[in-house]
Amino acid sequence: MKDKFFTRLYSLYLLIYRFVMRQVYIRIDRDRAKGCAPIRPEDKRAIYDYWKRYGLKPKLDDYRLYADRGLKPEPGLISTEIWTEVIEPNHNALKYCGAFTDKNYFDLVLGGENTPDTVVRCISGSLLDGDYRPVTAQQAADLLADGTDYILKPTIESGGGRDVAKVSGADMDVEQIERARADFGGNFCVQKIFKQHEFLKSFNPTSVQSVRVVSVFLDGKVDILCASMRMGKAGSVVDNFVSGGYAVSIDVATGAIGDKLVDHDMKVYTAQEVGMERGGECIPFWEDAKQLVRDLHPRLAHFGIISWDVTLDESGTPKIIEYNLIDSLIDWHQIFIGPILGDEEAELLPKLLKKNPYI
């Protein structure tokens, strides 16, 4: 009886989630498309006819935005509201997202060798060392009192690099440990500063550049849909859009950097406009990075769609900084490459629009 009640409660939650995501992104897409020209009648008919076969009728604001950014408004472009309202909830178990996106558990799920090194962590108010052994606030401060700098970050609801900061270990005394515990609701971690590969560091030495890789795990197979590198602005310790950074296209097959960039508002720039004329250069150890994603996605099999932030350490070993399980936007990827499913559209789209019955 109790289990049935919670099952029905989760179903209600899922309905509310879908409704909210649709309303949120309809509004966001409408605001972003202001000033963009209307879709031509023939393109509008093609879009509606394409999605009608799936029982869907997307809003056209995304298509207006894409057309304004130089893309043909192809029906195969997936609108943001369909991606977040239909596709993600169809294949990603929302009820497990909270635990699996807690950064304090990344090394348990992915393996410590595949993630940055954590020295102190706090989970639900409990202070632990990097190996999950309980410590006092004084012991935590002692672990950090070596005169080096660290990265302090919240581990729950910390998307967009929110509240990530560089701190001096010498300053992380008991008072600062307790302040972090209060400020971050008892959930934070202190990590060693990641020493990134020289190639990535050359784009901005103050932030760790990462490559956003979107993968799909269906029928026992991992497909990598797209990739783009994110670069922080000068002086920033994070590489995301919110901090004023850019994303640049990456060719999935070769790892080659493109010559088109976008910012947080989906405004398109040429490499020359932002002083980043590196088009054609290839991300080193690119095949290793893709293989790491292929190897790790099955560990998170509750989630059919994952957006990974992959970087390289100074030796070229790929590491996972973060991954996103819901609300992982694809608009800037499509600005780069067009329909995100590419040549796999005919095979993947019907599967993605059909709900995984085991979630």
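Predicted model: local features only at pLDDT ≥ 70, side-chain atom pairs only at ≥ 80, totals over all residues.
P75 sits in the loop between α3 (61–68) and α4. Show the residues around P75: leaving aside those up to four places away in sequence, P75 touches A46, I47, Y50, W51 and Y63.

The axes of α4 and α12 come within 8 Å and cross at roughly 80 degrees. Angles of 65 to 115 degrees count as roughly perpendicular, and α4 and α12 are therefore roughly perpendicular to each other. To see where the helices meet, select I82, V86, I87, N90 and H91 in α4, together with L349, K351, L352 and L353 in α12. Coloured by class, the residues of this contact divide into 6 nonpolar, 2 polar and 1 charged.

Keep α4 on screen for a charged pair. Side chains of opposite charge can pair when their charged atoms come close. Select R22 and E85: they form a salt bridge, and their closest N and O atoms are 3.4 Å apart. This pair links distant parts of the chain, with R22 in helix α1 (residues 2–32) and E85 in helix α4 (residues 80–91), 63 residues apart. The structure holds 23 salt bridges.

The next stop is another helix pair. Select helix α7 (residues 137–144) and helix α8 (residues 174–183), whose axes come within 8 Å and cross at roughly 110 degrees. That angle also falls in the range from 65 to 115 degrees, and α7 and α8 are therefore roughly perpendicular to each other. On the α7 side, the contact is made by A137, Q138, A140, A141 and L144. On the α8 side, pick V174, I177 and E178. By class, the contact of α7 with α8 has 6 nonpolar, 1 polar and 1 charged residues.

For the largest cavity, select K103, F106, D107, T115, P116, T118, K153, Q191 and I321, which line it. Its volume is about 60 Å³. The lining of the largest cavity divides into 3 nonpolar, 3 polar and 3 charged residues.

For the second largest cavity, select L200, V211, I283, W286, A289, V310, T311 and L312. About 40 Å³ of space lies in the second largest cavity. By class, its lining has 7 nonpolar residues, 1 polar residue and no charged ones.

The last stop is an open space, the second largest pocket, which holds about 380 Å³. To find its centre, select I224, L225, L341, G342 and D343, the closest to the centre among the 21 residues that line the pocket. Then display β7 (221–231), β8 (246–250) and α11 (331–337), the elements that give two or more residues to the lining of the second largest pocket. Which element gives the largest share of this lining? The largest share comes from β7, with 7 residues. Colour the lining of the second largest pocket by class to finish: it has 13 nonpolar, 2 polar and 6 charged residues.

Definitions and conventions: Residues numbered from 1 in each chain as written. Heavy atoms only, no water. 1 Å grid on protein atoms, 1.4 Å probe; cavity = no way out; pocket = protein on both sides within 12 Å on 5 of 7 lines; lining within 4 Å. Points joined across faces, edges and corners; volume = space filled by probe spheres on them. Nonpolar A, V, L, I, M, F, W, Y, C, P; charged D, E, K, R; others polar. Axes fitted to C-alpha atoms, helices over the stretch in contact; angles between N-to-C directions. Helix = DSSP H or I, 4+ residues; strand = E, 2+ residues; numbered from the N terminus. Parallel < 35°, antiparallel > 145°, perpendicular 65-115°, else oblique. Contact = heavy atoms within 4.5 Å. Salt bridge = Lys/Arg side-chain N within 4 Å of Asp/Glu carboxyl O.
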